[in-house]
Amino acid sequence: MQDMGGAYEEYYQIVYKFLMGLTSGNHELAEELTQETFYRATKNVSKFRGECKMSTWLCQIAKYAFYQYIDKKNKRREVPLETVVDIALEEEVEKNYIQNERKIFLYKKIQQLQSPMKDVVMLRLTGDLSFREIGDILGKSENWARVTFYRGKQILGRGVKDDAK
């Protein structure tokens, strides 16, 4: 068993610096939690079995004091796991629905483009082909495919903005 008065003198700086790191440099909070750490250590010194260094034991107490401070500060509300899962599933379904609606809208707009621009945009988006590959398929150059795709994107962008009004 360790004399806690001597432990305070010996380990104060170690615990304080450890807490300074946890509190992101908040001197007042680190000081308060250091005092709380040594208070708890004094109350529980009989539980210290010497299986680790005293400084390690004190830093563990400091860490738990910090976590308790954060929990109290945030006043976390317990939510049943089933509720969290249900909410997440609902949000995922809604997100997928919205994404699907956007895709349908976009593909309708692409269908309104003139060929070969429509072909370039479709090959790029659905075929995930490079501009070189698109140029080869359509018997044109890579640069032509790139410029045609860019122009198609501009037309689609204007169409989306017009429909949003």
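**View 1. Helix H2, end to end.** Helix H2 covers residues 27-43, and at 1.5 Å a residue its 17 residues should span 24 Å, which agrees with the 24 Å between its end C-alpha atoms. The expected span here is 1.5 Å times one less than the number of residues. Helices are DSSP runs of H or I with at least four residues, strands are E runs of at least two, and both are numbered from the N terminus. Bear in mind that this is a predicted model: local features need pLDDT of at least 70, side-chain atom pairs count only at pLDDT 80 or more, and totals for chains, interfaces and linings use all residues. Residues are numbered from 1 along each chain as its sequence is written, and side-chain values use heavy atoms, with hydrogens and water left out.

View 2. Leu29, Ala30, Leu33, Thr34, Thr37, Phe38 and Ala41 of H2 are buried (under 20% relative accessible area, with exposed over 50% and partly exposed in between; 1.4 Å probe, protein chains only). They sit on the same side of H2 because their arc around the axis is only 165°, taken from the directions from the helix axis to the C-beta atoms.

**View 3. Where H2 starts.** Here a side-chain oxygen of Asn26 comes to within 3.3 Å of the backbone nitrogen of Glu28.

**View 4. Zooming out to the chain.** There are seven helices and zero strands in the chain. Buried residues make up 26% of its 165.

Terms used:
Polar contact = N/O pair within 3.5 Å; in protein donor to acceptor, adjacent residues only side chain to side chain.
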